Amino acid sequence: MGERLWADIDEYAASLLHPHDVVLDEVLARSEAAGLPGYNVSIGQGVMLQIMARMVKARSILEIGTLGGYSTIYLARALPEGGRLITLEADPDHARVARENVAQAGLDSVVHVMEGDAQRTLPLIHEQRMGPFDFIFIDANKNAYPTYLDWSLKLSGPGTVIIGDNVVRGGAVLNGDSGDENVKGVRRLLELMADEPRLTATVVQTVGSKGYDGFVLGLVD
Ligand code: SAH
Ligand code: DHB
Ligand code: MG
């Protein structure tokens with residue numbers, strides 16, 4: 001049992017449950033052609049995020065870390081009429097590709113790609129009272145996850161779901177002596193979530209086409 005089997009199961013499940021979506025295929029093709037890294041969630045993970053957003057009937061979604069807008073589109077499709085999604089992206093090239101992808105998906109009136117370092121745009125979102133959000137997906141630079149949790153809590157209300165991606169990191173999260181800023185960031189995030197009385201949280205480990213990793217799921221009281 002190993003990576004190959006995990007990837008095969010992902011492919012089997014995706015071909016069975018998620019028949020080809022031309023729009024999303026093109027989103028990935030455009031992202032790759034533009035030289036973006038393949039850091040997007042898998043198909044199954046995208047659908048999982050979409051299901052979770054629908055389960056809580058999210059009307060407002062915040063995403064931190066857009067890349068080419070792949071997870072963005074899954075989440076935006078979960079929104080009811082009149083819903084909105086704000087996604088934060090520091091890299092201007094990524095933001096440009098994401099805007100094009102979102103437009104091709106017919107979601108440009110729903111999704112706002114906010115360009116700039118999220119550590120600068122999150123305070124603006126707060127100041128301008130653009131929250132609270134029903135659903136928050138944290139998926140940008142892992143060293144800043146603790147800061148992103150702080151802002152997410154400020155932008156939350158009762159029932160807000162906060163999800164963090166890539167918190168298992170092939171098991172590297174276990175290493176408390178790690179010098180890796182990404183590992184330090186996710187470990188600190190989990191500690192802060194544990195200490196936050198408003199949060200009920202759990203880690204869901206994942207295997208598949210994206211290797212061995214995991215999500216932290218949090219629910220705000
Ligand atoms: N959510 C996407 C993947 C995001 S990859 C998907 O699943 O499809 C992480 C993204 O975070 C990259 O595009 C990177 O440029 C962006 N990023 C990194 N540091 C950032 C920062 N400080 N502020 C905003 N975005 C950042
Ligand atoms: C990587 C994967 C991710 O899902 C992400 O958000 C950032 C980086 C990676 O594989 O390095
Ligand atoms: Mg990720």
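This is a chat about the ligands in a predicted model and the residues around them.

Me: Let's start with ligand 1. How many residues surround it, and which are the closest?
Reply: There are 21 residues around ligand 1, and the closest are S71, E89, H94, A118 and D139.

Me: Where does ligand 1 sit?
Reply: It's in the largest pocket.

Me: OK, what about polar contacts? Which atom of V41 lies 2.9 Å from an oxygen atom of ligand 1?
Reply: That's a backbone N or O atom of V41. For D117 it's the side chain, which has a polar atom 2.9 Å from a nitrogen atom of the ligand.

Me: And how much of ligand 1 does the protein cover?
Reply: On its own, ligand 1 has 590 Å² of accessible area, and the protein covers 89% of that.

Me: Switching to ligand 2. Which residues are around that one?
Reply: Y39, D139, K142, D165 and N166. That shell splits into three charged residues, one polar and one nonpolar.

Me: What does ligand 2 have its oxygen atoms close up against, say at D139?
Reply: At D139, an N or O atom of the side chain is 2.7 Å from an oxygen atom of ligand 2. K142 also uses a side-chain N or O atom, at 2.9 Å from a ligand oxygen. With Y39 it's a polar backbone atom, 3.0 Å from an oxygen of ligand 2.

Me: Now the magnesium ion, ligand 3. Which residues coordinate it?
Reply: D139 (OD), D165 (OD) and N166 (OD1), at 2.0 to 2.1 Å.

Me: How are those donor residues spaced in sequence?
Reply: The pattern is D-x25-D-N.

Me: Is D165 buried or exposed?
Reply: D165 is buried, because its relative accessible area is 5% and buried means under 20%.

Me: What about N166, buried or exposed?
Reply: N166 has a relative accessible area of 17%, so it counts as buried.

How values were computed:
Residues numbered from 1 in each chain as written. Chains lettered and ligands numbered in written order. Predicted model: local features only at pLDDT ≥ 70, side-chain atom pairs only at ≥ 80, totals over all residues. Heavy atoms only, no water. Near = heavy atom within 4 Å. Polar contact = N/O pair within 3.5 Å; in protein donor to acceptor, adjacent residues only side chain to side chain. Nonpolar A, V, L, I, M, F, W, Y, C, P; charged D, E, K, R; others polar. Donors = N, O, S within 2.8 Å, 3.2 Å for Na, K, Ca; no water. Buried < 20%, exposed > 50% of the residue type's maximum accessible area, 1.4 Å probe, protein only. Areas by Shrake-Rupley, 256 points an atom, 1.4 Å probe, with all protein chains shown as cover. 1 Å grid on protein atoms, 1.4 Å probe; cavity = no way out; pocket = protein on both sides within 12 Å on 5 of 7 lines; lining within 4 Å. Sits in = over half its atoms within 2 Å of the grid points.
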